[in-house]
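Please keep the sequence and the structure in view while reading the numbered points.

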Amino acid sequence: MSIMVVLVLVVSAVGVYILLREEEPQALMMATTTSTQDSGLLEYILPDFEEKNNAKVEVIAVGSGQALELGKRGDVDVLLVHSPASEKQFVADGYGESRTLVMYNQFVIVGPEADPAGTRQAHNATDAFARIKDNGTAGTTKFVSRADNSGTHSKELTFWSYLGFNKTQVQAFDESWYKQAGQGMGAVLDMCEQMDAYTLSDDATYYSRVADNLIPHLNMTSGGGSDLFNQYSVIPVNATMWPHINHTLALDFLSWITSNETQDLIASYVKYGHQLFFPNTPGYVPHTTSLATIEAMLRLASVHDEELMNLEDMARCWSIHG
Amino acid sequence: MADLFSYDVLQVTLLSLYVSGCATMLGSSIGIPLGALVGLKEFGGKGAVKTITYTMYGFPPVISGLVIYYLFSRSGPFGSLGLLFTPTAMIFAETLLVIPLTAGVTITAVTEIDKSIKDTIRAVGATPRQCVLTVMREAWVGLVMAAMIGFGRAIAEVGAAYMVGGNIFGETRVLTTAIMMETRMGHFGYALGLGVVLIMVAGAVFMFLRYLQEKELL
Amino acid sequence: MTVAVELRNVDKRYGDVAAVRNVSFVAETGHVFGVLGPSGAGKSTLLRMIDLLESPDRGEVLLRSRNVSADARDAHLIRERIGMVLQKPVVLNRSVANNLAYSMSIRGWDEKEIAKRVAQELKRLGLEGRARKNARTLSGGEMQRLSFSRATVYSPDLLLLDEFAANLDPRNVVLLEDMVRSYLAEDSNRAVVLVTHNIFQAKRLCHRIALMWDGEIIEVADRRKFFENPDDERTAAFVRGDIAF
């Protein structure tokens, strides 16, 4: 019996230690998506914020839908997500105080090396999707969808909508070629590897899978077009609705992530030999000499759903880098 | 593989032990006495209660996570306690899973104690309360087993732990949620390594308990 | 000579089976009252009703002329005055000494008194050397004698024995029967009800014997009469050994 007492004491001691150790002066609860966390960007840039503000950012990485839900319920202080349509609704409904563009990364269309649908010859992403569908219904290829209301899934649905299919119709696509996975990006890429199928992926997850040599039979068949940009925004949760929120710190976070310095920092994040994120907060003027940044920004000729940069900023940018 | 011997993994492992240990103790201290009472007392609906208990073995853990989430979310009844995304919430979620398991194993353990022992205890003049306590003592090996099974359940829990904990680095990241994240990122080898760590740690706990049993300290 | 136990017109059914049918008898202090009969005749059920583990469907159980019920709040207090030994040795998973102490410690008896009595019993059983050992390590005969001691160590007035020496070797049977005699000799206020299917044991131990058959009492008589000159034909046949159990 005395052993039980000892065990209880030990466990309690460890517990007290753990709980006490975590008594930080300030904590900012941030909801973001799993793909954002998995890209490694946050580990790269957040320490800067934490130092400057003597705070700790507690990152909760879940699916887009769940992140917005956490915001609605006041369980987090700020959101960093990439689901423009849902975000706009979120702010319109009053759950979010404001929505500020932060950066974008890119989607890519990934498929079998042999590219049976001929997406490499497509004019743009929408055309690529049309080809995939034609081949799918003909039985010569397959497509795996995230089917989980994530940002990537929303983007996929956008392309189908340009081809004239609403969500219900998409979900009714024939199962023989259109697979609704309901899983994360990594898992979906693995499925494509196994099934020789196409999918829409974010670049970071794709490069990561390639680096780990997990998808040797897949290739990026389409990418780089502005129609494949994935816009991130930061949204502080409505502090009037949830008084307990660390509103000041959330606003500090907003001003930090949109500051020129941090935007440069984001641009400097390189993984798998690529710059993954392209800062584009309004008013940002790149100080870095990253040609890729400038090129990417200049590729915003026809943007379907988002203004990535206004003309003034574009001009300013052009003038700095000659 | 050397990454497995890092301070991060140590921290995550200790938190796993803390959360699961607390959940086991809390869950067992509720589940075992409950199981003993259900197993030993006659009452209307006893069969139904037993069936429900055993059915709860298959209770989806992620639902336990959802329940705790709703209770402790800011929008929820206990939101003002600010317990969401803390180890405490994870302990509650895992406790919900440990209770039916320990209760069920205890029911079986006390039922199996020979009727002649139960009769003799009564015959000797034990009060109903003393009868229950004495039978529990006779079934002690089974009760320890109940707690050990409960611990196994708790330390392997991932869905509920992720949902109410948030897998926050340095706060609520435990071995199982870390494995889930690493797998998601495609680091299969590392995830497997963490899995091995988890099994070895759980094994060490069980070996320690067995040792105590052998030395008759447990 | 007082009445220790009396049963009046007791019935007990289990489902379709009438285990006990209209049973009446009187057991007196200072004596061993035997209930003899084949297994399954309902004898164990009688003992369980006397020990207030179960209630009769009909009829009364009187202990020292007091009507008692198994459902009574103070049933366990009444059981404190009764000791029971079953056919199977019942030992708790603890030391020999703690087994003996159990019946007294659950009642909060004085530690010193408990230790004294435990020491006495250990001596009587010849198990002093193994006092600290787990009781499950004893042999079958030793365990049964331990069970007997545990049942009598707190000085109950009434001792109920349910085939207590069945399946034991002759030596242990003798030891146990001697323990019964010692028990009675210590206090004239005590009584024993012995249930058995062993005719010879009944002859050795019992002062008065009832023959039970199929739930009914066929005949009750003093030992001498029972064996030499019974009223009932079946008793005579039974005693002759014509009817095998």
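1. Helices (H or I, at least four residues) and strands (E, at least two) are taken here as DSSP runs, numbered from the N terminus. On that basis, chain B contains ten helices and zero strands. Its pattern along the sequence is accordingly written α-α-α-α-α-α-α-α-α-α.

2. The model is predicted: local features need pLDDT of at least 70, side-chain atom pairs count only at pLDDT 80 or more, and totals for chains, interfaces and linings use all residues. Residues are numbered from 1 along each chain as its sequence is written, while chains are lettered from A and ligands numbered from 1 in the order in which they are written.

3. The C-alpha atoms of chain B occupy a box of roughly 65 × 45 × 25 Å along the principal axes. Of the 218 residues in chain B, 49% are buried. A residue counts as buried if 20 or more other C-beta atoms lie within 10 Å of its own, with C-beta atoms placed from the backbone.

4. Two residues are in contact if their C-beta atoms, placed from the backbone, lie within 7 Å. Among the contacts in chain B with a separation of 6 or more, 76% join residues 24 or more positions apart.

5. Chain C has an open sheet of four strands in the order S2-S1-S4-S5, with antiparallel pairing. Strands S2 (17-28) and S5 (66-67) of chain C are at the edges; each has a single partner strand, so one side of each lacks a neighbour in the sheet. Two strands pair if DSSP finds at least two bridges between them.

6. Within chain C, strand S1 (residues 3-14) and strand S4 (residues 58-63) are paired in the antiparallel sense over five bridges. Arg8(C) lies opposite Glu60(C) in S4(C).

7. Where chains B and C meet, 15 residues come from chain C and twelve residues from chain B. On the chain C side, helix H2 (75-79) and strand S6 (82-85) each supply at least two residues. That side comprises seven nonpolar, three polar and five charged residues. Here Ala, Val, Leu, Ile, Met, Phe, Trp, Tyr, Cys and Pro count as nonpolar, Asp, Glu, Lys and Arg as charged, and the others, Gly among them, as polar.

8. The contact between chains A and B takes 24 residues from chain A and 21 residues from chain B. Elements of chain A that each supply at least two residues to its side include helix H2 (34-39) and strand S2 (56-62). The largest share of that side, five residues, comes from H1(A). By class, the chain A side has ten nonpolar, seven polar and seven charged residues.

Key
A residue is buried if 20 or more other C-beta atoms lie within 10 Å of its own, exposed if 12 or fewer, and partly exposed in between; C-beta atoms are placed from the backbone.
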